[in-house]
Amino acid sequence: MEHSEIMELLPALVDQELGIADTLAVQRHLDTCAECRREYAEQAALSKRVRSETACFNAPPDLAARIANTLPQDKPRRSNFLARWHFNWLQLGSAMATLLLAAWSVGFYLSLPSAQERMTEEIIASHVRSLQADHLTDVASTDQHTVKPWFNGRLSFSPPVIDLAAQGFVLEGGRLDYLDGHPVAALIYRHQKHPINLYIWPTNSKDAGPQAQTSRGYHLVRWSSDEMTYWAVSDVAENELLKFSGILRLAAHQ
Amino acid sequence: MSEPTKNGRFQMLVMPHLNSAFNLACWLTRSRHDAEDLVQEASLRAFRFVDGFHGDDARAWLLTIVRNTFYTWYQEQHAQQQNTLFDEEFHSLDTADAGDLRYRDNNPEQLLLRKDSERQLQRALASLPLEFREVMVMRELEDLSYKQIAGIVGIPIGTVMSRLGRGRKLLAKILAPANQGE
């Protein structure tokens with residue numbers, strides 16, 4: 001290689017960016033050329049000095065947070081950079097996105113059953129399934145003092161378990177079930193051969209008196225008290241189920 | 001609506017390189033204040049294009065955006081006024097608060113000399129013409145390869161090499177009179 005070519009390659013030698021063949025050729029030339037040696041030494045020294053003495057500017061601690069704040073598409077912070085160009089683009093984009101989202105969510109909302117309807121469906125399905133699959137009870141006992149402790153460690157709450165055999169509702173056992181994305185306690189009572197599933201889970205809502213409804217031939221009564229929600233479902237007559245809920249609510253308060 | 005994943009990608013790809021972006025922005029704008037605006041603006045752009053990024057070098061990708069954003073702004077500014085102001089704030093910056101410097105000894109006299117020499121170097125680097133300054137910062141401070149720099153600046157690798165060579169020579173020349181005076 002010519003001297004002038006070597007001269008041009010010196011920065012890459014400093015930066016160790018040359019291939020092996022070029023590195024060897026340049027180094028061979030350096031052995032014989034004082035001018036190139038001086039040039040190489042100067043480049044290397046300067047590079048070293050810049051690297052060791054120049055400060056890197058770190059981003060201010062709050063910059064990341066400020067950037068994150070501007071990201072939600074609505075209001076990017078206006079600066080003098082490209083303000084006009086940005087304006088049209090982003091405004092139009094976010095307006096269209098908002099419109100689309102609004103249209104989509106209205107459509108979605110209309111097609112959705114209400115939470116209440118969904119829960120009713122889910123509870124009836126669970127009730128039917130528990131009867132079909134011969135899996136009515138995980139723990140079979142008529143003794144409330146056997147059933148209640150059984151839930152310990154299986155649930156994050158302790159459901160009230162009350163035997164109502166004297167009133168004609170015989171406790172048969174308990175079961176773990178899964179409703180609305182939560183594990184719930186299911187207690188099984190029998191009233192004149194009719195099984196009753198009583199689902200219990202914690203709630204934040206206020207106490208509410210019993211409300212009855214009928215769906216697909218099943219009767220449901222739901223109520224809330226002492227930060228628990230109760231749903232009773234059965235094929236017994238509705239007044240029997242209401243009676244059951246009444247007795248249970250009284251007993252729970254004693 | 002893929003906002004969460006888009007935000008997640010942004011957090012994962014862009015945020016780790018905020019310091020690099022800010023450092024380059026500081027050396028391009030020569031002002032901390034402008035650098036903050038520049039990085040914010042560039043981040044918004046990065047956010048918009050983050051879905052289109054499929055490479056594995058997110059830092060080079062972000063630095064490309066920072067640089068492009070800067071040049072757009074720079075050209076607009078230059079159209080308005082020819083002579084840009086030299087930002088005093090940047091040059092009076094105490095390098096001690098700025099970064100990764102470690103002093104090997106605590107001798108106060110040495111420290112003062114060192115600081116003085118650093119300040120000179122900083123000033124000299126800041127006064128380099130943009131085309132040399134940017135490759136110098138990317139190479140010496142960000143430790144990017146020729147290939148990465150070539151990609152960011154949009155020039156051949158050979159040009160990266162020659163700009164670095166000339167940049168170092170220029171810098172040495174700027175620093176030379178000061179050194180002789182000592």
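Predicted model: local features only at pLDDT ≥ 70, side-chain atom pairs only at ≥ 80, totals over all residues.
A residue counts as buried here if 20 or more other C-beta atoms lie within 10 Å of its own, and as exposed if 12 or fewer do.

In general, an α-helix has 3.6 residues a turn, so residues three or four places apart point the same way.

As for its length, helix 8 of chain A has 15 residues and reaches 21 Å from its first C-alpha to its last, close to the 21 Å expected at 1.5 Å a residue.

In chain A, seven strands form an open sheet in the order 1-2-3-4-7-6-5, and the pairing is antiparallel. Which strands are at the edges? They are strand 1, residues 139-140, and strand 5, residues 208-215, of chain A, and each pairs on one side only.

Take strand 4 of chain A, residues 194-202, and look at its two partners. With strand 7 of chain A, residues 228-234, strand 4 runs antiparallel and is joined by seven bridges.

Strand 3 and strand 4 of chain A form a hairpin with two residues between them, and Q192(A) in the turn has a positive phi of about 50°. K193(A) is also in the loop between these two strands of chain A. K193(A) has a positive phi too, about 75°, although it is not a glycine. With 6 C-beta neighbours inside 10 Å, K193(A) counts as exposed.

Another positive phi turns up at Q16(A), about 55°, and this residue is not a glycine either. Q16(A) sits in the loop between helix 1 and helix 2 of chain A, helix 2 being residues 20-32. Q16(A) is exposed, with 8 other C-beta atoms within 10 Å.

Helix 8 of chain A, residues 238-252, touches strand 3, strand 4, strand 5, strand 6 and strand 7 of chain A, and its direction makes about 20° with that of strand 6 of chain A. Helix 6 of chain A, residues 115-132, lies across strand 2, strand 4, strand 5, strand 6 and strand 7 of chain A. Helix 6 runs at about 125° to strand 2 of chain A.

Chain A has eight helices and seven strands. Buried residues make up 24% of its 254 residues. Of the contacts in chain A with a separation of 6 or more, 50% are between residues 24 or more positions apart.

Chain B has nine helices and zero strands. Of the 182 residues of chain B, 36% count as buried. In chain B, residues 24 or more positions apart account for 69% of the contacts with a separation of 6 or more.

Last, the contact between the chains. How many residues does each chain give? Chain A gives 33 residues and chain B gives 43. On the chain A side, the elements that give two or more residues are helix 1 (3-14), helix 3 (34-53) and helix 4 (63-70). The largest share on that side, eight residues, comes from helix 3 of chain A. By type, the chain A residues that touch chain B divide into 18 nonpolar, six polar and nine charged.

Conventions
Residues numbered from 1 in each chain as written. Chains lettered and ligands numbered in written order. Contact = placed C-beta atoms within 7 Å. Helix = DSSP H or I, 4+ residues; strand = E, 2+ residues; numbered from the N terminus. Nonpolar A, V, L, I, M, F, W, Y, C, P; charged D, E, K, R; others polar. Pairing = 2+ DSSP bridges. Axes fitted to C-alpha atoms, helices over the stretch in contact; angles between N-to-C directions. Expected span 1.5 Å × (residues − 1).
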